[in-house]
Amino acid sequence: MSALGIYCADCGTECERITGREAGAREPDLIDAQVWACTVCPEAWAPCAEDGTPVGLPAGAQTRNARAMLREREVERLVGEALRDVPNGRTIAEERVAAFLAHALRLPASEAAIDLLNLEWCRHAWRVLYGASYAEVTKHAQTYRPRKAA
Ligand SMILES: [Zn+2]
């Protein structure tokens, strides 16, 4: 996996693995850790998973903030609605919201993960999720069965 090119979500430049400090990360737990960083954009990075692959696609602060807002304000709002009815249903609720979003964005589920989105896709995603209810997400889940990966 790690031999595959990793490209910046913001500018498309191939990224490299450096330390969080070198990438300009200020989060204490990232400073000495490896991150995938864009060689062009300032402070554009993604955390590195234990297997060396990036967690999401590297992106600058503006995009990372947009992703965080999307998760905290919209995804969590929808998941919270689900949990009112099914208190231990977080996993399925997250999967359903992700599938709902991917379908609305017309992206394969593997590309619609919030950590992979660039700023423009975050804006599209915001428009999709803003004002959506979990009832709509459930209806979508009952209408469209996820296709198994080939
Ligand atoms: Zn970049």
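**Figure 1. Left-handed crossing of α2 and α4 in the predicted model**. The contact (C-beta atoms, placed from the backbone, within 7 Å) involves Q62, T63, A66, R67, L70, E74, V75 and L78 of α2, and L119, C122, A125, W126 and L129 of α4. By class these are nine nonpolar, two polar and two charged residues (nonpolar: Ala, Val, Leu, Ile, Met, Phe, Trp, Tyr, Cys and Pro; charged: Asp, Glu, Lys and Arg; polar: the others, Gly among them). Residues are numbered from 1 along each chain as its sequence is written. Local features need pLDDT of at least 70 and side-chain atom pairs count only at pLDDT 80 or more, whereas totals for chains, interfaces and linings use all residues.

**Figure 2. Axis geometry of α2 and α4**. Helix α2 spans residues 61-85 and helix α4 residues 119-129 (helices are DSSP runs of H or I, at least four residues, numbered from the N terminus). Their axes lie 10 Å apart at an angle of about 15° (lines fitted to C-alpha atoms over the stretch in contact; angles run from 0 to 180 degrees between N-to-C directions). The two helices are therefore roughly parallel (angles under 35 degrees).

**Figure 3. Boundary between domain 1 and domain 2**. Domain 1 covers 1-58 and domain 2 covers 61-143, with bounds from an automatic or database domain assignment. Six residues of domain 1 are in contact with seven of domain 2. The side of domain 1 that touches domain 2 has three nonpolar, one polar and two charged residues. The domain centres, taken over C-alpha atoms, are 24 Å apart.

Note on methods
Two residues are in contact if their C-beta atoms, placed from the backbone, lie within 7 Å. Angles under 35 degrees count as roughly parallel, over 145 as roughly antiparallel, 65 to 115 as roughly perpendicular and the rest as oblique. A crossing is left-handed if the near helix is turned anticlockwise from the far one by less than a right angle, and right-handed if clockwise.
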